[in-house]
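User: Can you walk me through this one? Keep it short, please.

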Amino acid sequence: MRVAIVGGGIGGLTAAFALQRAGVETTVFEQTPQLLPVGASLQLGPNATRLLADIGLLEQLRAVASRPDAVDLLRWDDGSVLLHAEHGDAAESHFGTPQLDFYRPDLHRALVDSLPPGVLELGARVTGAEQSGDRVTVALEDGRRETFDAVVAADGIRSPLRQLLVGAEEPTFSGTVVYRGVVPRAEAEDLHRDRTNRYWIGPYRHGVSYWIAGGALLALNLGVQRADWSEESWTREVPAAEADAYLEGWDDALRERVRRCGTVLRGGVFVRRAIPHWSFGRITLLGDAAHAMEPFQAQGAAQAVEDAYVLARCVAKAADDVEEAFRRYEQIRLDRAAELQAQARGAGDEFFLEDGPEQIARDERFRRLAESQPFGTRQLVWEHDVRAALS
Ligand SMILES: Cc1cc2nc3c(=O)[nH]c(=O)nc-3n(C[C@H](O)[C@H](O)[C@H](O)COP(=O)(O)OP(=O)(O)OC[C@H]3O[C@@H](n4cnc5c(N)ncnc54)[C@H](O)[C@@H]3O)c2cc1C
């Protein structure tokens with residue numbers, strides 16, 4: 001059994017690790033010729049980290065991450081606390097594994113390093129995949145054609161393979177632009193003295209700040225609705241002043257974090273519509289290629305990890321019938337991912353409310369939430385254990 005994975009991002013690399021571990025020979029084709037430290041921060045909730053623990057990846061990932069002690073949701077103009085949730089040891093023992101916060105290049109590098117040599121091919125851009133009988137032939141830009149038993153399209157939000165399988169449909173602009181930055185510890189320590197993740201919520205803006213990279217960097221993300229349109233990008237660098245200009249009247253603690261970034265990455269948030277199938281015979285979709293979502297539940301990467309775990313388990317169980325394995329994978333994952341896409345959109349709408357009756361009702365909900373959900377607004381998402389569907 002030989003499987004090709006197209007795309008060596010977070011989902012593709014995790015799938016490669018899980019498949020290799022299940023005894024499936026895997027090749028990852030990644031278009032990037034060189035591993036450069038691109039991107040900023042990214043979170044993995046316990047729903048993902050418990051799967052990473054299960055496949056033996058948690059400890060090396062924890063070594064490059066940060067674990068928060070608490071989460072605070074804050075009012076936009078004065079930083080007053082709307083919801084406080086403890087994390088740390090209490091959360092880790094409740095969920096079984098921690099939430100981990102990463103500098104994306106560190107997470108990516110740790111996943112690359114976890115693979116045996118030769119699995120990941122860099123500079124390998126896939127241009128097509130063709131099924132014939134019980135084989136799939138992958139075409140590469142350099143002219144090579146390689147044949148496999150199955151192909152996993154983990155080629156991200158723009159997924160060329162999704163376009164081939166589902167039709168030429170571009171991702172949709174969500175209406176939000178995100179600015180992402182980091183500040184080295186020495187320049188941020190006075191701003192953020194504890195390990196509480198802070199989320200400012202208010203009219204059409206959403207600021208987030210937390211430690212990553214084992215506390216070496218402070219991450220700053222600012223979501224802006226009604227901003228000037230921007231393209232989907234992880235490399236477009238702009239002065240932090242451009243982001244700060246959207247924060248007139250906002251808490252200065254957030255504004256100062258933005259300013260200290262100096263420069264930030266600007267990217268429009270694009271999404272994929274939920275589709276009725278991910279699996280097409282011996283080719284299946286995984287991660288953003290299947291279900292790119294908004295970032296307001298911090299589940300984009302975590303859902304790719306859930307995909308990777310389930311995919312490997314299904315393939316291991318039905319190795320002699322890969323089409324059946326892909327159907328089962330889709331059946332287990334499709335509704336959960338679509339639900340998270342909808343929840344992420346809903347969380348954004350709730351965070352971005354203007355002051356008024358809806359905002360007052362929301363803040364009241366937050367005040368009461370501690371009684372039923374001591375670990376905050378994402379507790380139910382994190383409690384979900386995808387392994388239950390596999391037994
Ligand atoms: C460079 C980069 C930086 C990012 N930075 C952040 C960040 O700071 N914060 C955040 O929340 N999210 C970030 N993301 C997105 C985040 O990683 C994903 O939303 C999430 O992890 C889901 O992962 P994925 O594997 O589905 O997609 P991705 O992680 O986006 O990976 C897709 C991979 O497929 C490769 N690929 C695409 N087309 C082809 C092809 N034709 N042939 C071969 N390879 C192909 C891409 O180069 C990419 O490596 C970033 C993505 C990328 C690619």
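Analyst: Start with a helix pair: H11 and H12 make a right-handed crossing. That is, the near helix is turned clockwise from the far one by less than a right angle. This is a predicted model: local features need pLDDT of at least 70, side-chain atom pairs count only at pLDDT 80 or more, and totals for chains, interfaces and linings use all residues. Residues are numbered from 1 along each chain as its sequence is written.

User: At roughly what angle do H11 and H12 cross?

Analyst: Roughly 155°, and the axes come within 8 Å. H11 covers residues 300–317 and H12 covers 322–351. The two are therefore roughly antiparallel (angles over 145 degrees).

User: Which residues in H11 meet H12?

Analyst: Among them are Val310, Leu311 and Cys314 in H11, which meet residues of H12 including Tyr329 and Ile332. Contact needs C-beta atoms, placed from the backbone, within 7 Å. By class, the contact has 10 nonpolar, one polar and five charged residues.

User: New topic. How many residues surround the ligand?

Analyst: 31, with Gly7, Gly9, Gly11, Gly39 and Gly287 the closest. Helix H1 (10–21), strand E3 (41–44) and H11 each give two or more residues to this shell. The shell has 13 nonpolar, 12 polar and six charged residues.

User: And Gly118, buried or exposed?

Analyst: Exposed, because Gly118 has 7 C-beta neighbours inside 10 Å. The cut-off for exposed is 12 or fewer.

User: Where is Gly118 found?

Analyst: In the loop between helix H5 (104–114) and strand E7 (120–121). Gly118 lies 19 Å from Thr137, C-alpha to C-alpha, and 19 residues from Thr137 in sequence.

How values were computed: Axes are lines fitted to C-alpha atoms, for helices over the stretch in contact, and angles run from 0 to 180 degrees between N-to-C directions. Helices (H or I, at least four residues) and strands (E, at least two) are DSSP runs, numbered from the N terminus. Angles under 35 degrees count as roughly parallel, over 145 as roughly antiparallel, 65 to 115 as roughly perpendicular and the rest as oblique. Two residues are in contact if their C-beta atoms, placed from the backbone, lie within 7 Å. Ala, Val, Leu, Ile, Met, Phe, Trp, Tyr, Cys and Pro count as nonpolar, Asp, Glu, Lys and Arg as charged, and the others, Gly among them, as polar. A residue is near a molecule or strand if its C-beta atom, placed from the backbone, lies within 6 Å of it. A residue is buried if 20 or more other C-beta atoms lie within 10 Å of its own, exposed if 12 or fewer, and partly exposed in between; C-beta atoms are placed from the backbone.
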